[in-house]
Amino acid sequence: MKKQTAGRDNLGDFAPQFAAFNDDVLFGEVWSRENKLSAHDRSMITIAALIATGNTEQIEAHLTLGKQNGITKDEIVEEITQLAFYTGWPHAWSTFNRAKEIWKD
C-alpha cells in the first residue's frame, strides 16, 4: 500500500498530531498489516462501518481506495445491498450514488 498523506495534506497545519496518527498509525501501521488482513478486506470492512454509521463524508475516499484495493463492482453492489437491510435504505442509496461514479467504467 502506498504511503498515506491525507492526514497531513488536509489537517497537518490545523491538527498535526491527529494527522500523524491518521497517516502513520492508522494507515502506516494498521492498514499495512496485510499478512493479518488484506487491504481488500480492510476496505470492505471500513466501507461497511462507514455505511452503517452514516459517515457519508468519507465514504467516497474509501470507495476509491477500495476499488484500488481490488474491490470489484459486483462486490461493492453486493456489500451495499446487504447493508441496506441492516443499516438503512438511505445509507445504502447515498453510497450507491457515489459507488456508481467510481465504478462507472
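How many salt bridges does the rule find across the interface of domain 1 and domain 2? The rule finds 0 there, where a salt bridge is a side-chain nitrogen of Lys or Arg within 4 Å of a carboxyl oxygen of Asp or Glu.

A word on the model before going further. This is a predicted model, in which local features need pLDDT of at least 70 and side-chain atom pairs count only at pLDDT 80 or more, while totals for chains, interfaces and linings use all residues. Residues are numbered from 1 along each chain as its sequence is written, and side-chain values use heavy atoms, with hydrogens and water left out.

**The two domains**

The protein chain splits into domain 1 (1-32) and domain 2 (37-103), with bounds that come from an automatic or database domain assignment. Their C-alpha centres are 21 Å apart. In the interface, 4 residues of domain 1 are in contact with 7 residues of domain 2, contact meaning heavy atoms within 4.5 Å.

**Salt bridges**

By the salt-bridge rule, the count comes to 4.

Salt bridges that share partners join Arg8, Asp23 and Asp24 into one network. Aspartate 23 lies in helix α2 and arginine 8 in helix α1 (residues 6-11), 15 residues apart; helices are DSSP runs (H or I, at least four residues), numbered from the N terminus.

Aspartate 23 counts as buried because its relative accessibility is 2%, buried being under 20% relative accessible area, exposed over 50% and partly exposed in between (1.4 Å probe, protein chains only). Arginine 8, at 39%, counts as partly exposed, as does aspartate 24 at 28%. In the other pair, lysine 104 is exposed at 65% and glutamate 101 partly exposed at 45%.

**Two more residues**

Phenylalanine 18 lies in helix α2 (residues 16-30) and counts as exposed, at 52% relative accessibility. The C-alpha atoms of phenylalanine 18 and arginine 8 are separated by 8.7 Å.

Histidine 62, in helix α4 (residues 59-68), counts as buried at 13%. Leaving aside neighbours within four places in sequence, histidine 62 is in contact with Phe27, Trp31, Thr46, Ile47 and Leu50.

Notes. Helices (H or I, at least four residues) and strands (E, at least two) are DSSP runs, numbered from the N terminus.
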